[in-house]
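The model is a predicted one.

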Amino acid sequence: MSEAADSVVDRLIEALAAQLGASGHSALAPGAVEALTELSRAEASLIFSHAGHLVHYDTDTEPLEILIQMISNIQRGEAAAGAAILPGDEVRLAGELPASLAGYDADRLRETVFFVRYVGDDATVDVQPDLTEDYVIAAVPIDIVKPARTQDMP
């Protein structure tokens with residue numbers, strides 16, 4: 001993605017988050033909810049990585065964190081009934097780590113709390129660490145993801 005496109009995505013995410021912050025209640029308009037339903041893996045990754053980057057480096061993060069939570073809640077509502085791992089769940093990595101994470105400290109990865117950002121239909125999930133740690137999203141096999149804590153739907 002080009003720098004200009006990155007900047008536009010950042011601005012749109014900030015605008016949506018600011019609208020949430022200004023509304024006095026933390027709810028997305030029905031049209032916004034509809035626009036954020038059925039996100040593809042690539043779309044979810046783009047949104048969460050940009051929002052994560054903004055939270056990681058910004059000082060006023062509360063509206064962005066609310067937006068991230070709301071998008072996760074939309075995804076949770078779309079999840080298959082009885083799914084063991086859902087978007088928004090807090091998880092830890094256990095077992096053998098995938099080759100894509102070979103450059104990272106394995107012990108640190110296992111100690112890190114991640115948030116599930118996308119559940120694929122290919123036995124993988126996309127995880128993102130707590131945004132105070134980092135904002136990179138990684139796809140990992142679902143069988144190495146263990147719940148740290150599940151999140152209740154509001």
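In this predicted model, the largest nonpolar core holds 23 residues, of which Ile13, Leu28, Leu67 and Ile71 touch the most other members. The elements that contribute two or more residues to this core are helix H1 (3-22), H3 and H4. Ile71, when residues up to four places away in sequence are not counted, touches Leu36, Leu39, Ile47 and Phe48. Apart from this core lies another, made of 14 residues, among them Ile85, Val91, Leu93 and Val127.

On the H1 side the contact is made by Ile13, Glu14, Leu16, Ala17 and Leu20, and on the H4 side by Pro63, Leu64, Ile66, Leu67 and Met70. Sorted by class, the residues of this contact of H1 with H4 are nine nonpolar, no polar and one charged.

Helix H4 (residues 62-78) also packs against helix H3 (residues 41-57), their axes coming within 10 Å and crossing at roughly 155°, so that H3 and H4 are roughly antiparallel to each other. The crossing of H3 and H4 is left-handed. H3 makes this contact through Ala44, Ile47, Phe48, Ala51, Gly52, Leu54 and Val55, while H4 supplies Leu64, Glu65, Ile68, Ile71, Ser72 and Gln75. In this contact of H3 with H4 there are nine nonpolar, three polar and one charged residues.

Key
Residues are numbered from 1 along each chain as its sequence is written. This is a predicted model: local features need pLDDT of at least 70, side-chain atom pairs count only at pLDDT 80 or more; totals for chains, interfaces and linings use all residues. Side-chain values use heavy atoms; hydrogens and water are left out. Axes are lines fitted to C-alpha atoms, for helices over the stretch in contact, and angles run from 0 to 180 degrees between N-to-C directions. Helices (H or I, at least four residues) and strands (E, at least two) are DSSP runs, numbered from the N terminus. Angles under 35 degrees count as roughly parallel, over 145 as roughly antiparallel, 65 to 115 as roughly perpendicular and the rest as oblique. A crossing is left-handed if the near helix is turned anticlockwise from the far one by less than a right angle, and right-handed if clockwise. Contact means heavy atoms within 4.5 Å. Ala, Val, Leu, Ile, Met, Phe, Trp, Tyr, Cys and Pro count as nonpolar, Asp, Glu, Lys and Arg as charged, and the others, Gly among them, as polar. A nonpolar core is a set of buried Ala, Val, Leu, Ile, Met, Phe, Trp, Tyr and Cys residues joined through side-chain atoms within 4.5 Å. Buried means under 20% relative accessible area, exposed over 50%, partly exposed in between (1.4 Å probe, protein chains only).
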